[in-house]
Amino acid sequence: MIDPAQTDDARNDDAVADDAQADHAQSWTHDPPSVAVVVVSHNGAVWLPKVLTSLTGMVHAPDVWRAVDVASTDGSGELLASSLGSERLLRAPKGTGFGGAVQLAVDAMPRTEWLWLLHDDNAVLPTTLAALLDVATSADDIAVVGPKIREWPSLRRLLEVGLTITGTGNRETGLETGEPDAGQHDRSRDVLAVSSAGMLVRREVWDELSGFDADLPLYFDDIDFGWRVARAGHRTVTAPQGVLFHVEASTRRVRRRAAGDQPVWERRRAGMFTLLANAGPVLVWWQLVRLLFGSVLRVVGLLVAKDPEAAGDELLAVRSTYAHPLKLVRARRRRALTARRSNRTIRGLFASRWLPYQHGFDAMREATAAIVRPETVETVGRRSSLENTPAEVDDLDDGPPLLQRRPWFVTVVALGLLSLIASRTLLDGIFSGGLSGGALLRAPDTAGGWWSLMVGGERSLGLTADAESPIFSLLLAVVATPVWFAPDLVVSTLMLFAVPLAGLAAHRLGRQITSDRSARIVWAVTYGAAVAAVGAVPAGRLGTVVALVVVPIIVNVGWQVVADPTWQRALRLGIWIAVGAAFAPVVLVLSVLGLAVLWFREGARIGRHLALSLGAALLLLGPWLWARALVPWRWWWEAGRPVPGAESVLDIVAGRAGDLQAPWWLSVPLILLAVAALLPQRTRPHVMTAWALGLIALAVALLGHVMSFEAAVGRTDLAPWVGVPSVLWLAALATAVLLAMPELGGMRRPLSTVLAVAALVLPVGVGVWWLLDGVDGPLDAAAAPSVPAFLADRPGSTVVVVGSADEGVTYRTVTGGGAYLGQEAFAPSADESTPVTTALQNLVARATDDDIEVLAAAGVDAIYLPDADPELAGRIDAAPLLEQSGTDEAGSRVWTLAVDPDLTPTDVPWWRQLTSVLHVFVWLAAVVLVTPVRRRAEYGEQVDDDEQAPSDLTLQADRS
């Protein structure tokens with residue numbers, strides 16, 4: 001209940017305060033402070049006549065006048081010169097910011113006690129300046145005073161009565177949208193900042209802080225200045241009795257555009273810069289992360305809301321902010337020189353930390369209301385024209401068939417159907433168990449499994465893992481996040497539709513090579529057929545599949561770098577190289593050799609851009625580079641199990657790489673055509689470049705044929721799988737034919753027909769073979785468990801022993817149902833694997849109780865022989881503390897330990913987790929920097945004078 005006595009006391013206190021302010025207002029008029037007004041104009045001729053008229057009848061006029069025109073093209077400078085005099089007008093070059101223009105005027109006029117800043121689109125009342133001085137002279141520590149700003153031309157709606165900034169870098173007024181002025185904000189109060197439109201600032205404070213920051217030429221310069229004022233120990237206060245009317249022409253985008261104007265995204269960039277430049281030394285790191293992730297979420301929301309232009313603006317703002325860290329460092333150093341108070345002491349001037357979330361909730365509520373009750377949303381529908389339809393309408397021609405209108409679309413659909421038919425043996429259980437087999441491991445139960453591998457979660461395969469996180473797990477985690485509980489769909493889609501995906505990537509590259517649509521389609525289909533012919537899909541070679549889909553994109557972006565070298569394209573090239581190398585590290589080797597060829601052809605013109613691409617790829621691969629791509633010959637180990645290859649030299653020359661391949665002779669016509677492509681002189685230089693790249697790929701494939709590599713676990717003499725360079729060798733030959741096609745196609749008809757038939761042998765022949773043979777290999781639709789189900793349910797780990805007593809054995813530790821894709825990269829640490837290895841060696845020879853206890857201490861509670869050698873099984877039977885257990889599979893043996901295993905969880909070192917998290921941010925920043933955006937059309941080319949400057953605007957009427 002409200003106490004009437006207390007209410008009367010509050011009213012009496014307000015009355016006393018008003019009387020005191022009135023007495024003070026009378027006192028300063030006897031010795032008024034000197035004031036200089038600065039009017040900044042840029043294409044503001046629409047509003048300047050009203051603005052200048054409003055300045056002529058002020059109760060207290062400024063002592064000094066200066067106007068600055070910033071490269072106006074609409075006569076604004078002439079209006080200012082005729083009104084104020086040419087001697088008071090200064091001209092600033094295009095691109096000059098508001099703060100720079102003000103400083104230009106300040107340096108050119110006599111020194112005064114106060115500066116009054118005005119825009120070319122705000123008008124004042126006769127009492128505006130006097131009301132500002134009433135507050136400004138009421139205390140010595142007041143440095144900045146701002147008026148109450150209303151909307152022009154409505155005159156009654158409030159725009160600002162003081163400003164602050166949210167934790168997400170947004171401008172906050174504390175007002176409702178369209179809130180009318182009913183006197184509810186007429187009490188003077190301390191605020192973080194006031195608008196630069198109508199700002200009255202003490203001259204000595206302006207000089208102390210060096211005015212507005214040049215890095216904020218248009219937006220947030222006032223909030224940044226007010227923040228610095230507060231930290232310097234001064235106050236910023238509102239003067240609601242002083243009223244100013246503002247069009248907000250730049251914010252509303254109604255100002256005439258000119259060269260040098262700031263882009264639309266500058267407003268968002270300025271907000272983030274202001275927040276990061278003024279945040280505390282500890283909070284700034286949190287803000288760096290928060291703004292980056294918040295911007296990504298905002299971009300996703302804007303794309304969902306079908307506002308790609310705003311999403312593009314957000315991306316451009318993030319890129320501009322995070323691409324110039326030294327600018328932020330310099331800005332923070334400048335602010336530290338004038339700061340006398342910490343942000344903690346002025347925290348009452350900032351917006352509530354919950355305010356951004358409240359705004360987000362309000363936006364979601366409005367969007368939901370628009371969906372649930374669309375009748376509440378105003379829309380403009382199409383006007384019906386049925387009444388103008390003639391009574392008789394002629395039948396319209398359907399036009400050419402779809403194959404002629406959209407041949408590539410029909411081709412992709414056909415490739416997709418062919419892929420489904422060829423994968424018919426996998427379709428039954430694909431949505432239930434997921435694909436596995438060969439080199440492919442099962443997918444995790446959720447996308448969180450891949451995220452945990454990357455950001456430092458549980459990596460153990462039974463023993464503590466000692467390896468870097470595989471980069472491809474991050475890429476798979478990002479793609480699988482929308483289908484969180486079915487990540488196997490991502491892997492299944494890549495494997496089943498490898499051919500159409502590779503064809504799509506190749507066709508886009510083909511647009512850069514030739515304008516002949518038919519030749520381009522045949523070339524793209526040939527590339528997709530080469531991916532099928534190499535046998536990567538039935539062998540479960542996910543790394544090869546992804547790499548061969550990405551390589552055309554790498555070549556396409558590299559082509560763009562050569563045509564128009566920019567740092568964005570170079571960075572994009574580095575990202576795609578890193579994507580391909582993450583799944584198949586041999587892509588990095590091939591890319592380095594390809595970049596060397598480009599550098600040799602183009603010279604120093606693109607040298608630094610190619611260096612940027614290579615450096616970006618190495619940075620994005622990070623520690624994974626040292627674990628896989630740079631370890632001698634281990635770059636042959638692709639994503640998945642390190643399954644050895646089994647190719648011959650003939651297979652490699654024919655673009656094949658294993659037992660599951662198409663017949664090698666299908667590639668012979670293509671090789672002969674590539675040799676014939678060297679004959680025409682006009683296209684020979686480009687054809688020789690394709691041959692050079694192809695021979696490089698062939699040399700890399702042959703090099704892999706004569707060597708072996710060692711994986712982190714298992715065998716040490718693995719024969720490399722050379723599917724990637726083998727297909728690229730064939731693709732280079734097909735490209736050589738495509739480049740020479742204009743010359744070869746001009747031959748006489750019988751010969752040109754033979755050439756066309758020869759070019760179709762590979763895609764058609766592989767298509768028939770693939771359709772009839774299907775995906776016949778170790779790849780299966782059911783994810784086979786590594787151990788029997790009852791062992792997977794046990795709390796401890798299972799040691800899987802493979803081999804015989806005579807030839808030796810190998811082992812691996814399995815937790816649960818076995819490793820999933822990505823976990824194969826982790827090897828047990830030497831501290832834990834050495835004792836276990838010794839104990840297992842003793843187990844095969846003559847084990848003791850101590851050996852079994854060593855296994856139990858490592859978390860092992862079972863031993864599994866999937867294909868038990870009788871002599872080896874007999875030796876294990878003789879070991880103490882082991883109990884025989886039944887098994888569902890014939891020929892296998894299982895023993896459980898009579899000693900309870902040590903189930904103490906082991907954590908990944910904190911420094912490795914931190915490295916992984918930072919690596920994720922590096923990828924995020926790189927992708928944000930190169931994400932393509934669509935620029936919006938230019939605005940404000942013409943301004944409607946009648947709409948923006950009403951003829952009957954009477955500011956004097958509001959003096960009361």
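**Burial, pairing and cores**

Me: Why is Ser613 called buried?
Reply: Its relative accessible area is 0%, and buried means under 20%, with exposed over 50% and partly exposed in between, for a 1.4 Å probe and protein chains only, so Ser613 belongs among the buried residues. This is a predicted model, in which local features need pLDDT of at least 70 and side-chain atom pairs pLDDT 80 or more, while totals for chains, interfaces and linings use all residues. Residues are numbered from 1 along each chain as its sequence is written, and side-chain values use heavy atoms, leaving out hydrogens and water.

Me: What makes β13 and β15 the edge strands of their sheet?
Reply: The open sheet has five strands in the order β13-β12-β14-β16-β15, with mixed pairing, and β13 (808-815) and β15 (882-885) each pair on one side only. Pairing requires at least two DSSP bridges, and the parallel strands β12 (797-804) and β14 (860-865) are joined by four.

Me: How do you know that the buried residues of α34 line one face of the helix?
Reply: The buried residues of α34 (870-877) are Leu872, Ala873 and Ile876. Seen down the helix axis they fall within an arc of 100° (taken from the directions from axis to C-beta atoms), so they line one face.

Me: What makes the largest group of residues a nonpolar core, and which residues have the most contacts inside it?
Reply: A nonpolar core is a set of buried Ala, Val, Leu, Ile, Met, Phe, Trp, Tyr and Cys residues joined through side-chain atoms within 4.5 Å; the largest such set here has 137 residues, with Trp450 and Tyr527 having the most contacts inside it. Helix α29 (723-744) gives the largest share of this core, 14 residues. Apart from it lies another core, of 35 residues, including Ala193 and Tyr219.

How values were computed: Helix = DSSP H or I, 4+ residues; strand = E, 2+ residues; numbered from the N terminus.
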